[in-house]
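User: Could you walk me through how to read a structure like this one? I'd like the general idea for each feature and then the case at hand.

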Amino acid sequence: MKQLVFDGPRQVRWTETPTPVLTAASSALVEPVAVSTCDMDAIALSGVIKFKPGTPLGHEGVCRVIEVGSDVTNVDVDDLVIVPWQISCGRCSRCVRGQNTYCETVPAGSCYGWGPHVQRWGGFLADVIDVPHADAMLVPLPPGMDPTRASGLGDNLVDAWRSVVPALRESPGGRVLIVGGALADGGSIGIYATAFARDAGASEVVFVSAIENHRDLAARLGATAVRDLPDRGELGWFDVMADTSGTAEGLALALASGGPHSTCTCTAGAVHRRSPPTIPMYEMYMNNISLRTGWVNTRSLIEAPLSRLGHSAFDPTDIASVHPFDDAETVFAEPFVKLILTEAR
Ligand SMILES: [Zn+2]
Ligand SMILES: [Zn+2]
């Protein structure tokens, strides 16, 4: 079958690889219908972070079921389904606790489209995708929902939701600060977080980014968009802060802007692997500021953002450009915030 792989900065190519077959009664095979890029894909394609050449691409999308094992009961052939990017079983003690990132049945980091086990699971930009634990993994697409609207629920939309909504529930009507991506490539998580924060009743959403295009997109979704916050507290204190910047400066700004009992969620902790940022522990202690970070538990959290998407005017495709799968090699060669690749219609 055909599979799209990373080949270097601004370069992808279609390769031939063995077609997956059903290997367990609880598995399903699916084919992609709409696949969107993760912010990580955009940054890797820019060359700022490194993917290994040959890495299969695509890990958020809506797919069509083409074959199911004999034990699968929740989905059937031809169903449209959202496929969360991480492999998880739904039954182990971690999955039951909502910590599907740490599913005990697979090695840590088992997911589609990147990570240490990417060659086992492949990416969504392929003819066929193997889904284990299909009853637990696959989320049926609500009737009538456009697959291109829902494709990001496999990863970035749920990441955006968790960066603001759980903390807003602890501070109803609170003020939200979102530190956007520092690069022109990607940046969808912070922009999507703007929409979820407005939808969840934030009294104000301030979106900070040096990237003019990102500020314009966030402003269209209801944010007060600013280039930077010159001094701590100049725009008042915030109850909820989301750092999606991937920089130590962005995290510092988010933490320094927290008011009493505020919560900061960092969605980009992976970038701090080699140079840990300084954390202002004393100020956080005195103001009771919490910091959360980690991989989003996509499967465990997907229901609420999926429901909100079905009931709000927010359309994630507004910040994306949509192209047929066959154009992948061309559209990946240019910078992008978000691409959605789809079946030819
Ligand atoms: Zn991702
Ligand atoms: Zn599990």
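Analyst: Gladly! Let's start with domains, whose bounds come from an automatic or database domain assignment. Here the chain splits into domain 1 (2–155 + 297–342) and domain 2 (157–293), and their C-alpha centres are 26 Å apart. Please keep in mind that this is a predicted model, where local features need pLDDT of at least 70, side-chain atom pairs count only at pLDDT 80 or more, and totals for chains, interfaces and linings use all residues. Residues are numbered from 1 along each chain as its sequence is written, while chains are lettered from A and ligands numbered from 1 in the order in which they are written.

User: How many residues of domain 1 and domain 2 are in contact?

Analyst: Two residues are in contact if their C-beta atoms, placed from the backbone, lie within 7 Å. By that rule, 23 residues of domain 1 touch 19 residues of domain 2.

User: What should I know about the nonpolar core?

Analyst: In soluble globular proteins, nonpolar side chains tend to be buried together. A nonpolar core is a set of buried Ala, Val, Leu, Ile, Met, Phe, Trp, Tyr and Cys residues joined through C-beta atoms within 7 Å. A residue is buried if 20 or more other C-beta atoms lie within 10 Å of its own, exposed if 12 or fewer, and partly exposed in between, with C-beta atoms placed from the backbone. The largest core here has 110 residues, and Val164 and Val176 are among those with the most contacts inside it. Leaving aside neighbours within four places in sequence, the contacts of Val176 include Val164, Leu168 and Phe238.

User: Is His133 buried or exposed?

Analyst: His133 counts as buried because it has 23 C-beta neighbours inside 10 Å. His133 sits in the loop between strand 6 (129–131) and helix 4 (134–137), and its phi is near 45 degrees, a positive value in a residue other than glycine.

User: And where is His261?

Analyst: His261 lies in strand 12 (residues 258–266), with a positive phi near 60 degrees. Since His261 has 13 C-beta neighbours inside 10 Å, it counts as partly exposed.

Conventions:
Helix = DSSP H or I, 4+ residues; strand = E, 2+ residues; numbered from the N terminus.
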